[in-house]
Amino acid sequence: MANVDAPRQRAPYFDTSNLRGDIYGGLTAGVVALPLALAFGEASGAGPIAGLWGAIFVGFFAALFGGTGSQVSGPTGPMVVVFAGVFASLTGNPALVFAAVVLAGILQILFGVFKLGQYIRLVPYPVVSGFMSGIGVIIIALQLSRLFGHEPDGGGTIPALTAIPGAVIDPNWTALIIGLITLGMVFTWPKSWGRFVPGPLAALVVGTLIGYFFKGAPILGDIPTGFPSFVVPSFTQDTFLIVLEAAFILAVLGAIDSLLTSLVADNMTRTRHNSDRELIGQGIGNTVAGFFGAIPGAGATMRTVVNIRTGGQTRISGMLHAVLLFAVVVSLAPLASQIPHAVLAGILVKVGYDILDISYLKRAHKGPRWDLGLMVLVLGLTVFVDLITAVAVGVILAALAFVKKMADDQLTHFRVGDPKLETPEEHELLARAKNRVMLFDFGGPLSFGAAADLGHHVRERVKEHTGAVVLDFSRVPFLDVSAARAVETIACDARQSGRTVYVTGMSEKVKSVLAGLNADHCLPSDTQYKTRIEALRAAVAEVTSADAGGEPAPTGAAQPV
């Protein structure tokens, strides 16, 4: 018989039991990542080689130190949209731009160290759907002019949209043909073919060959080769807040993007990732990327799915994907100089379309209208304002809506002498009191959401002829400061109007909150009872004795607590 007290053996850090699948998955993910990394680098403003190095550094170190075995990391659409804005706002100054990337990586490491991963994942789905769809719209808008052989004027979504009519009127026909062929290939490439040659890679090769033989379309031009130079991040007192804000946006967005991809990986592999460790791995990858002038990244859903479907299960696959890209940079970088902008634009339009939450948009009208409105609001703010405002507004509104719903539920559970919930003896006691005793049953936790209306509801039901009030806390596991102050107000108002407040079922936790805030000064201990029937006997004895013009009658077995 096995020794149940024997210590458990830890799983090896590098699990080689699935080595063949990891090798094939990693190599396939690397092939898929190649055209995307080039496209994201070009779209970011830092250049296609910065996109490749971002995929290498983030992909390798996030896999090595992260907490999701099958995840493949690298530049993603959301991260590139934000980074492009940072690059433009800091006028392309490498010291400032990559200081933001390094600081974003450090912030992600701190998120993991302080175990904030569980909170980052609490962003509501309509907010996530809204800002992801908004990012998809931005990516598509930024690429439409490039499909026609033109560069959008300035940065941002609005300048990109205003540049589209001019590009349509005066197209570069070679670029347009290449762009249309690229779009046709990436949107219609059969899935069965994709197992051998990914659609984006095939479009990249075909579009580049067309551009090589039929001149006239704008191309990438010379691409640096060799290992990237070390970038010394720096900022001044004037630029510190700009860099810090950019770093925070990149860190939070990268964390959300990565953890959402981790959830996708969990569902496919039937495993469970370590959120905090994943954030540390992503942070290390982005920190290293920033020091070498590479664009930041996050967990990439499409590359992760490709990795898993082709056999990848452990961190070895993510590291091999980065190694393959490194080999490409060393040997094939000069060939990339002939890639037309229109090819990368077509690939990115497909990326933007894939980011749009089409499945939710098709069914949103059948769900709660509030969630649909919130999603549309976040989408609009993402496209026309900025991402951090969109997420902040979305989370705040979602939280307020949730609090309002919980408050309504708390007041729904708040009952006043419901005959269906009374025992025969309780019903007889309340009938004998002739409505002089009011019983209030709090049916669950009391929080600030319900506190505002709690006192109003009690005052509304307490009539002039009421002589005593019974507050039943037996189903209240906790209450916050706002609710404690509401209870204090109820008790003190009753006391000032000459009514006695009897309390029953109060737990030690609730008592400690009230006592700590001195909110129980109008609740003397001799009116606090263990059970509701005891409190009702005492209250009814008081009012019936007062009706008879004598002293309160003895309450028998009822004992204050």
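Student: What should I know before I start?

Tutor: This model is predicted: local features need pLDDT of at least 70, side-chain atom pairs count only at pLDDT 80 or more, and totals for chains, interfaces and linings use all residues. Residues are numbered from 1 along each chain as its sequence is written, and side-chain values use heavy atoms, with hydrogens and water left out.

Student: What span should helix α12 have?

Tutor: Helices are DSSP runs (H or I, at least four residues), numbered from the N terminus. The expected span is 1.5 Å times one less than the number of residues. Helix α12 covers residues 275-291, so its 17 residues should span 24 Å. Its end C-alpha atoms are 25 Å apart, which agrees.

Student: How many residues of α12 are buried?

Tutor: Buried means under 20% relative accessible area (1.4 Å probe, protein chains only). In α12, 13 of the 17 residues are buried, so the rest of the structure largely encloses this helix.

Student: Which residue caps the N-terminal end of α12?

Tutor: Asn274 does, with a side-chain oxygen 3.3 Å from the backbone nitrogen of Asp276. Just after α12, Gly293 takes a positive phi of about 70°.

Student: At what angle do α4 and α11 pack?

Tutor: Axes are lines fitted to C-alpha atoms, for helices over the stretch in contact, and angles run from 0 to 180 degrees between N-to-C directions. Helix α4 (residues 94-113) and helix α11 (residues 240-269) pack at about 50°, with axes 8 Å apart. That makes α4 oblique to α11. Angles under 35 degrees count as roughly parallel, over 145 as roughly antiparallel, 65 to 115 as roughly perpendicular and the rest as oblique.

Terms used
Helices (H or I, at least four residues) and strands (E, at least two) are DSSP runs, numbered from the N terminus. Buried means under 20% relative accessible area, exposed over 50%, partly exposed in between (1.4 Å probe, protein chains only). A polar contact is a pair of N or O atoms within 3.5 Å; within protein, one must be able to donate a hydrogen and the other to accept it, and residues adjacent in sequence count only if both atoms are side-chain atoms.
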